[in-house]
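Reader: I've got a new model open and I'd like to go through it with you. Let's take it one question at a time.

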Amino acid sequence: MEKGTLYGVSIGPGDPELITVKAMTTISNCKYIATPHTGTGESLALSIVSKAQDLSQKEILLLEFPMTKDKEILAKSHKEAAQFIIDVLDKGEDVAMLNLGDITIYSTFAYVMDILLEKGYDVDLIPGVTSFCASASLLKIGLTTMNEPLHIIPASGIDIKDALKMPGSKVLMKIGRSMPKLIEAVKELNLEDNVYAVENCGLENEKVYKGLDEFDENMGYFTIVVVK
């Protein structure tokens, strides 16, 4: 029996209207929809897609990706998710795995993809709108100017002050509990008027921040910060 294909489907930052036509077509053509969750059984990606397409006839595969930095726990969850998908692919069925933003930027899909590619399975990637590009559009700012670089930075696990000293524009993602350190670094470098943020881009509780005086240390995990 011919094995199925795993499709990594980017669904954009949160606004269902930013899901590409190709992503919608791929989801429509797949009976099985895989989606990450963090232990609650709820999936933000699934809720976004369900606003754009009827998923009532789909088989939903909930893949647990725990919010932890423990490498052993993470590796175990990646292998389990990959095997869950392999069991479906071996039946000749295709699987569309949903991913927020773009599939190539800090995606949970990438770990599963690597495992399946090593085992010889077919994997296709569907690109999408990144959260930082959507955020820049909301903020009405350009991320780049002539000959200046753009840095995409994970706020956790890095020296934020050193990162902010790099030339060009900086986009900080995966803020988590790093917001107090970020605010402190922005103040030390006198960048208060050059910092912007969007929290929950494309979602109902979306908030836009222009200038450090509008920032809040308790801004959520889905916050994109831009430093010009």
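Predicted model: local features only at pLDDT ≥ 70, side-chain atom pairs only at ≥ 80, totals over all residues.

Reader: Which side chain does Lys161 meet in a salt bridge?

Author: A salt bridge here is a side-chain nitrogen of Lys or Arg within 4 Å of a carboxyl oxygen of Asp or Glu. In this one, N and O are 2.7 Å apart, and the partner of Lys161 is Glu188.

Reader: How many residues apart in the chain are Lys161 and Glu188?

Author: Helices (H or I, at least four residues) and strands (E, at least two) are DSSP runs, numbered from the N terminus. The salt bridge of Lys161 and Glu188 links distant parts of the chain, with Lys161 in helix α6 (residues 160–164) and Glu188 in helix α7 (residues 179–188). Glu188 is partly exposed, at 43% relative accessibility.

Reader: How many salt bridges does the structure hold?

Author: Side chains of opposite charge can pair when their charged atoms come close. Besides Lys161 and Glu188, Glu80 pairs with Lys76, with their closest N and O atoms 2.5 Å apart; both sit in helix α3, four residues apart, or about one turn of the helix. Glu204 and Lys51 make another salt bridge, at 3.9 Å from N to O. The count for the structure is three.

Reader: How many residues apart in sequence are the parts that Glu204 and Lys51 tie together?

Author: Both ends are exposed: Glu204 has a relative accessible area of 76% and Lys51 has 56% relative accessibility. Their side chains meet in a salt bridge. Glu204 lies in the loop between β8 (195–199) and β9, and Lys51 in the loop between α2 (44–50) and β3 (59–64), so the parts tied together are apart by 153 residues.

Reader: Where do the buried residues of α4 lie around the axis?

Author: Helix α4 covers residues 109–118, and its buried residues are Phe109, Val112, Met113, Ile115 and Leu116. The arc they cover, taken from the directions from the helix axis to the C-beta atoms, is only 165°, which means they sit on the same side of α4.

Reader: What covers the buried residues of α4?

Author: Contact here means heavy atoms within 4.5 Å. By that rule, both helix and strand elements are included in the cover. Among them are β1 (5–10), α3 (71–89), β4 (95–99) and β5 (122–126).

Reader: How many aromatic pairs are there?

Author: Rings of Phe, Tyr and Trp (its six-membered ring) pair if their centres lie within 6.5 Å, and planes under 30 degrees apart are stacked, over 60 edge-to-face and the rest tilted. The aromatic pair count is two. Tyr209 and Phe215 are edge-to-face, at 6.0 Å centre to centre with 65° between the planes. Tyr221 and Phe222 are edge-to-face too, with centres 5.4 Å apart and planes at 80°, and that brings the count to two.

Reader: Which residues form a nonpolar patch on the surface?

Author: Patches take residues with over 30% relative accessible area and no salt bridge, joining like charges within 9 Å and nonpolar side chains (Val, Leu, Ile, Met, Phe, Trp, Tyr) within 5 Å. Accessible areas come from the Shrake-Rupley method with a 1.4 Å probe, and for residues only the protein chains shown count as cover. Tyr221 is partly exposed at 37%, as is Phe222 at 41%. The patch has about 330 Å² of accessible area together, and its members are Met67, Tyr221 and Phe222.

Reader: Is Asn200 buried or exposed?

Author: Asn200 lies in the loop between β8 and β9. Its phi is near 55°, a positive value in a residue other than glycine. With a relative accessible area of 13%, Asn200 is buried.

Terms used:
Residues numbered from 1 in each chain as written. Heavy atoms only, no water. Buried < 20%, exposed > 50% of the residue type's maximum accessible area, 1.4 Å probe, protein only.
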